[in-house]
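Here is a short briefing for a first look. Keep the structure in view while reading.

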Amino acid sequence: MLEIICRIIYGARLCALLKKDGGLRPIAIGSTFRRITAKIACGSVKEEIGEYLKPKQVGFNTNGCEAAVHTCRSYVLKNRKRCKIILKIDFKNAFNCVERDILLKTIKERAPSIYAFMWQCYSSTSCLFFGYEQIPSQVGAQQGDPCGPMAFSLCIQPIIEMIAAELNIWYLDDGTLGGDLETVLNDFKLLIEECKK
C-alpha cells in the first residue's frame, strides 16, 4: 500500500509544450506537499553541501552564474596571447541520466540527514501522468524537484575533482574547461569514461 501511495505522491503531472523544432518538451508538475518537503530538506543541508561543492561547482547555494562568467572572461583575457583552448560542456538530459541507486548512495554519504526522505522519493518507480496515460519515472532526479540540482551536483562532483584543466568551473550540468589542448582533451575523455560509470 505504501509503495502505491509513494508512486503517486512522488510522481507528477506532465504538461507538454511545443518546441521550436516541432518536438514536445514535457514539463513535470509535482505534488505541492512533496515540493515543500523537498525544499525544506534541501534547505537543511545547503550550507554544508555548498561548501563541499565550491569552488568548482557554483550552481548550488551560490550566486555562482555571475562568478562563473567573470572567471571565464578573466581566463580568456589572461591567456589571449597563449596557446590555450576552452571547452564548453553541457550534459544532455542531465538530471535524467544519473541512476537512482548512485543518487541515493551519494545522498546517504554526503547528506545523511535527508536520506530517508530521498529514499522514499527515489527508491522505487514513480508515476508521471499525462492525461490518462501513466509513464514510469525510473532514472534520475525528477524535473522540478528542489533537491534535484543538489543531488545531480553531488553525483558529478567526484568526476569534477578529477579534472586537471587550469580552468574547471561548473554551473550544475554546464561546465567550462580551459587549458592546453592535451590536458583539456584528456579531461574530456576522462569525463566521458567516468560518466558512463
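This is a predicted model: local features need pLDDT of at least 70, side-chain atom pairs count only at pLDDT 80 or more; totals for chains, interfaces and linings use all residues.

Residues are numbered from 1 along each chain as its sequence is written, and side-chain values use heavy atoms, with hydrogens and water left out. Helices (H or I, at least four residues) and strands (E, at least two) are DSSP runs, numbered from the N terminus.

**Helix H2**

- Helix H2 spans residues 32-53 and has a kink of about 55 degrees, centred on lysine 46. The bend at a residue is the angle between axes fitted to the seven residues ending there and the seven starting there.
- Serine 31 caps the N-terminal end of H2. One of its side-chain oxygens lies 3.2 Å from the backbone nitrogen of phenylalanine 33.
- The buried residues of H2 include Arg34, Ala38, Cys42 and Leu53. Buried means under 20% relative accessible area, exposed over 50%, and partly exposed in between (1.4 Å probe, protein chains only).
- These buried residues pack against helices H1 (2-9), H4 (100-110), H5 (115-122) and H6 (148-162). Contact means heavy atoms within 4.5 Å.

**Strand S7**

- Strand S7 (residues 174-179) is mostly covered, with five of its six residues buried.
- Strand S3 (residues 85-90) runs antiparallel to S7, and six bridges join the two. Two strands pair if DSSP finds at least two bridges between them.
- Aspartate 90 stands opposite aspartate 174 in S7.
- Strand S6 (residues 167-171) is also antiparallel to S7, joined to it by five bridges. Here tryptophan 170 faces glycine 175 from the opposite position.
- S6 and S7 form a hairpin with two residues between the strands. Leucine 172 takes a positive phi near 55 degrees there.

**Threonine 71**

- Threonine 71 sits in helix H3 (residues 64-78). It is partly exposed, at 34% relative accessible area.
- Threonine 71 touches Leu167 and Ile169, not counting residues up to four places away in sequence.
- Threonine 71 and leucine 167 are 96 residues apart in sequence, yet 8.5 Å apart in space, C-alpha to C-alpha.

**Serine 153**

- Serine 153 lies in helix H6. It counts as buried because its relative accessibility is 0%.
- A polar atom of the serine 153 side chain is 2.8 Å from the backbone oxygen of proline 149.
- Serine 153 touches Leu53, Gln57 and Leu172, not counting residues up to four places away in sequence.

Definitions and conventions:
A polar contact is a pair of N or O atoms within 3.5 Å; within protein, one must be able to donate a hydrogen and the other to accept it, and residues adjacent in sequence count only if both atoms are side-chain atoms.
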